[in-house]
Amino acid sequence: MIQIPEADSLHRQSIQVETETVHGEKLALQCMGCDACVENKGCMCDHSTQDLKSVVNEADVEDHTEANSSFAHSVINMIGMLIGLGQLSAPYALENGGWASAFLLVGIGVICAYTSLLLGKCLEKSPSSRSYADIGQHAFGSRGRLLASTFINVEIFMTLVSYTISLHDNLITVFAGTQLRLLIWTKLSTSQLLTMIGVLIALPSMWMTDLSSISFLSSGGILMSIIIFTSVACIAIFQVVKANHSIPALHLHKIPAISGLYIFCYAGHIVFPNLYKSMKDPSKFTKVSIVSFASVIALYTSLAFTGAKLFGPEVSSQITLSMPRHLIITKIALWATVITPMTKYALELAPFSVQIEHSLPGSFSSRTKTIIRGAVGSFLLLIILSIALSVPYFEHVLSLTGSLVSFSICIVFPCAFYIKISSAQLSKFSLILNATLLAFGLLLGVAGTISSSKSIFTSLKRDHSA
């Protein structure tokens with residue numbers, strides 16, 4: 001992982017790209033304030049020739065970007081940021097935690113909505129801040145920026161590992177019965193070879209420099225979310241599968257692990273400052289957060305209960321793997337889940353590419369920089385592939401991602417930033433409330449990290465013994 005804390009202007013632009021970590025968000029990469037770009041509408045901006053280098057060079061004029069996002073547009077964008085990869089595991093989490101754990105799912109959602117408002121208040125007190133890392137710097141100086149940036153980059157990396165594991169699991173189902181063998185390496189299974197082929201198909205995208213092309217790929221995440229929710233709803237509505245399974249009341253010992261899955265559902269905070277700054281009327285950010293989180297909480301809760309009732313104890317960690325395979329709508333959902341990771345790699349790793357190019361000597365030619373950038377990006381992608389094939393446990397890796405980084409980004413850091421920035425004006429009640437939420441986030445984050453790490457090691461040991 002490459003991190004350059006001093007490159008403030010670079011980070012402000014690359015944060016647009018980093019936001020794609022959050023389950024298929026649809027903020028565009030070009031200019032934060034360009035509403036047409038954000039909404040995939042027709043845009044009069046000239047993005048066709050804009051490459052990664054131009055993003056760095058244009059960072060100096062970012063503060064002059066026009067904020068023109070309406071209330072409705074902001075709600076749509078925030079919902080788009082929050083819906084994605086987390087919906088695959090919501091039914092599994094509810095089934096394993098018990099129906100009472102739905103209070104945790106809703107509770108974490110409410111807390112995340114509150115901490116999103118804290119970020120807005122931090123931005124009110126620091127008009128020059130434009131990104132999540134900027135808030136970290138305003139609160140705790142360069143160390144705050146470094147810590148926030150590091151956690152964001154770790155989340156990007158771990159989320160891509162989760163996407164690759166999802167690719168692996170769904171490819172097995174799509175190509176059920178297919179047998180592949182590599183003569184020079186017979187130890188590789190068919191599923192591993194299929195995953196390698198999928199990643200190799202996506203590998204050329206690591207050499208793309210046209211941001212408009214990379215941004216176009218992001219629509220895959222939005223499409224996947226729509227298809228999956230529609231598929232599960234159709235199966236329930238048309239009673240293709242009877243929703244007659246009972247959900248256990250509570251499995252207390254599994255709460256730490258599933259809390260990581262729940263928090264990942266709401267992990268959109270790294271882009272909220274950008275959304276706030278893009279609004280025509282930032283004073284409506286509170287209403288935007290309330291409407292968006294209420295909608296997403298309702299969607300996740302209904303999807304979790306529907307999936308758990310439909311498939312019961314047999315529900316997979318990815319809902320697509322539990323759906324009846326003979327249905328056309330299931331095949332569409334499976335293919336959507338397969339294609340989505342392949343569209344994510346270039347977009348997710350673009351911040352690293354920008355940082356790499358920015359760090360290269362100016363004497364390097366454009367072609368040399370392109371080769372180095374593409375080579376490093378390809379190397380990172382191969383590392384992600386290796387980790388995903390070595391630790392192919394979707395639910396545990398996703399839970400670890402949520403527990404290790406998402407609790408900090410969504411709850412701990414916003415509370416800490418707000419307490420530090422607003423310390424002089426905080427009431428005793430507000431101080432106690434935010435300190436309590438900070439402690440709550442730390443507690444669940446640590447407990448979830450330990451639990452999911454143990455599960456990964458246990459699974460590795462079991463598979464090694466087998």
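Trainee: Leaving aside its neighbours within four places in sequence, which residues is threonine 190 in contact with?

Mentor: This is a predicted model, in which local features need pLDDT of at least 70, side-chain atom pairs count only at pLDDT 80 or more, and totals for chains, interfaces and linings use all residues. Residues are numbered from 1 along each chain as its sequence is written, and side-chain values use heavy atoms, with hydrogens and water left out. Contact means heavy atoms within 4.5 Å. With those sequence neighbours set aside, threonine 190 touches Thr178, Gln179, Leu180 and Arg181.

Trainee: Is threonine 190 buried or exposed?

Mentor: Buried means under 20% relative accessible area, exposed over 50%, and partly exposed in between (1.4 Å probe, protein chains only). Threonine 190 has a relative accessible area of 12% and is buried.

Trainee: How is a pair of aromatic rings described?

Mentor: The description uses the distance of the centres and the angle of the planes. Rings of Phe, Tyr and Trp (its six-membered ring) pair if their centres lie within 6.5 Å; planes under 30 degrees apart count as stacked, over 60 as edge-to-face and the rest as tilted. The whole structure holds 9 aromatic pairs. One of them, tyrosine 266 with phenylalanine 293, is tilted, at 6.3 Å centre to centre and 35 degrees between the planes.

Trainee: What are the relative accessibilities of tyrosine 266 and phenylalanine 293?

Mentor: Tyrosine 266 is buried at 0%, and phenylalanine 293 is buried at 1%. The rings of tyrosine 276 and phenylalanine 285 lie 5.3 Å apart between centres with planes at 75 degrees, so that pair is edge-to-face. Both tyrosine 276 and phenylalanine 285 are buried.
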